[in-house]
Amino acid sequence: MHRVLLVNTNQIKPPVAPLALDYLASALKGFEVDLLDLCFAEDFTREIDGYFASSSAFAIALTLRNTDDTQFAGQDFFVPRLKEIADRLKSHTSAPIVLGGAGFSIMPEAILQYCDLDLGIWGEGEISLARLLERARAGEDYYDVPGLIYRVGDGFRRNRPRYLDLGAIPSPERKRVDNHRYFAEGGMGNIETKRGCPKTCIYCADPLGKGRRIRMRSPKSVADEIETLFNMGIDHLHFCDSEFNLPPSHAEAVCLEIISRGLGSKVRWYAYCSPAPFGQELATLFQRAGCAGINFGVDSANDRMLRTLGRDFTVDELERTARICHRQGIVFMYDLLLGGPGETRDSLRGTIETMKRLSPHRVGASLGIRVFPGTRLAALVRREGPIANNPNLHGAKDEGFFAPVFYLSSALGEDATQYLAQLIEGDKRFFSSFAQAAERNYNYNQNLILVEAIKNGYRGAFWDILRRLEERA
Ligand code: B12
Ligand code: SF4
């Protein structure tokens with residue numbers, strides 16, 4: 001049988017299980033699938049050399065989850081490491097190398113060019129990777145495979161993607177990835193209930209890879225997968241939907257299925273949610289279904305900034321959702337994206353004051369917004385004039401927004417970080433990625449305090465582990 005090698009290139013700690021590779025492995029029927037997981041490798045070159053010393057593969061598929069840490073205070077860029085990994089693989093084999101992944105799908109051509117590779121698939125990989133490999137195995141031309149990006153002369157050509165009918169696929173087996181180890185060292189399992197988002201938040205790259213139409217899995221298949229994970233001993237999960245409560249009817253149906261299987265008292269789960277719509281009934285169902293915490297993508301508590309960022313809720317709705325969570329006893333975080341177009345010291349101060357008043361259990365105060373190509377923010381930046389001279393941009397000011405570059409409104413002044421630091425100083429509810437105190441730094445890239453806590457038995461979403469650590473201290 002033809003052997004395919006899947007490679008996880010993500011080396012961030014604490015580790016997050018490469019859910020993509022478990023899902024792709026389930027879709028690659030009729031192939032022998034090896035997994036080279038470089039996450040735990042002390043020396044990735046040795047792992048690669050070791051694999052090729054005793055094995056070979058007719059095709060190699062690499063996943064790139066994160067292009068960078070997307071934090072203004074971090075600016076860690078992972079594509080150079082991806083190139084090193086690809087180069088090492090190429091030193092052993094001439095088998096085709098295919099790239100894919102959430103990060104890859106945001107700027108696929110630029111990444112292929114940088115890594116000197118010829119093939120990628122943007123968006124979801126289940127149909128396309130399987131089809132590409134089947135064609136390659138049969139010695140047939142594969143250049144019409146949906147979502148394929150391939151080199152033509154000096155440039156690349158991109159095929160339109162084809163989206164899976166998620167309602168029709170069987171529950172994935174979750175056997176390929178070492179989910180036990182990820183749970184032991186990363187503190188949670190993961191699962192998706194749907195893909196796609198129709199909203200138009202100006203900075204967001206999620207719809208680029210997942211599509212703009214929401215496609216939902218059946219609640220039964222989701223609950224089957226939760227049971228599979230639970231039977232492996234994984235009882236803390238993170239839903240990997242962009243927004244678990246969009247649409248609320250699907251979140252409700254998933255919760256009802258979890259409750260009817262008796263899983264609500266066995267499994268603790270976390271999710272990203274939109275602050276609206278979020279009603280009392282949904283909150284009650286969440287709790288009965290085992291919700292341990294919610295991270296709401298709030299961005300701002302200033303109606304003008306919310307409109308500028310393309311959000312479709314208001315500060316009144318943020319107040320309402322916070323009230324519901326408090327009343328219901330749901331642990332929650334409000335995640336802010338500060339410094340966007342039009343942000344001033346007044347709007348920033350007002351947002352922080354409102355957060356203090358609404359008092360979520362934690363507030364993520366992220367200053368500076370990563371500009372991703374293909375987003376409305378990237379188009380807005382171009383309209384602001386020449387990139388190189390744009391006073392709102394910080395980081396690598398290249399035309400394609402390839403290496404980390406951040407929008408930080410110049411109206412905040414030169415000392416924007418210090419200004420924000422003063423506003424949140426001494427308030428333990430606030431996380432930032434520039435915080436000196438480790439319990440308040442929510443950049444999860446090489447976050448050693450989290451690594452240690454998980455080793456000592458903490459489980460759950462990273463922000464909630466940090467919260468519990470601080471509260472225990
Ligand atoms: C949930 C989530 C989290 C959770 C994860 C919880 C958990 N236990 O899994 C938490 C909060 C921990 C988290 C942390 C971080 N995250 Co996050 N996260 C997500 C989110 C919402 C879902 C990821 C996911 O698992 N999706 C489901 C899987 C199945 O989808 P997928 O990986 O994309 O795989 C599909 C396709 O891409 C494709 N595919 C994937 N690989 C391959 C390979 C080949 C060869 C092919 C053909 C196809 C293919 O097929 C797959 C199946 O269809 C995404 C956004 C999104 N909607 O995807 C952001 C996202 C991946 N995260 C992001 C970031 C930046 C981070 C952090 C670095 C933030 C930080 N500084 O702390 C950390 C990194 C953590 C780590 N160790 O890697 C960014 C990456 C952006 C970028 N340009 O790099 C994203 C895209 C969000 C965003 N828009 O900014 N994250
Ligand atoms: S931020 Fe959330 S709601 Fe907005 S487009 Fe992205 S995934 Fe959708």
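The structure is a predicted model.

Q: Why does Glu 243 have no salt bridge, and which side chain of opposite charge is nearest?
A: A salt bridge needs a side-chain nitrogen of Lys or Arg within 4 Å of a carboxyl oxygen of Asp or Glu. The nearest side chain of opposite charge to buried Glu 243 is 4.4 Å away, so no salt bridge is counted. That side chain belongs to Arg 311.

Q: Which backbone nitrogen does the side chain of Glu 243 reach?
A: Glu 243 is buried and has no salt bridge. Its side chain does reach a backbone nitrogen at 3.1 Å, that of Ser 274.

Q: How far is an oxygen atom of ligand 1 from a polar backbone atom of Thr 67?
A: Thr 67 is among the residues that come nearest to ligand 1, along with Thr 63, Glu 126, Asp 206 and Lys 210. The distance from an oxygen atom of ligand 1 to a polar backbone atom of Thr 67 is 2.5 Å.

Q: Which element gives the most to the shell around ligand 1?
A: Elements giving two or more residues to this shell are β3 (59-63), β4 (97-100), β8 (189-191), α7 (206-210) and α1 (19-27). The one that gives the most, with four residues, is α1.

Definitions and conventions. Residues are numbered from 1 along each chain as its sequence is written. Chains are lettered from A and ligands numbered from 1 in the order in which they are written. This is a predicted model: local features need pLDDT of at least 70, side-chain atom pairs count only at pLDDT 80 or more; totals for chains, interfaces and linings use all residues. Side-chain values use heavy atoms; hydrogens and water are left out. A residue is near a molecule or strand if one of its heavy atoms lies within 4 Å of it. A polar contact is a pair of N or O atoms within 3.5 Å; within protein, one must be able to donate a hydrogen and the other to accept it, and residues adjacent in sequence count only if both atoms are side-chain atoms. Buried means under 20% relative accessible area, exposed over 50%, partly exposed in between (1.4 Å probe, protein chains only). Lys and Arg count as positive and Asp and Glu as negative; His and the chain ends are not counted.
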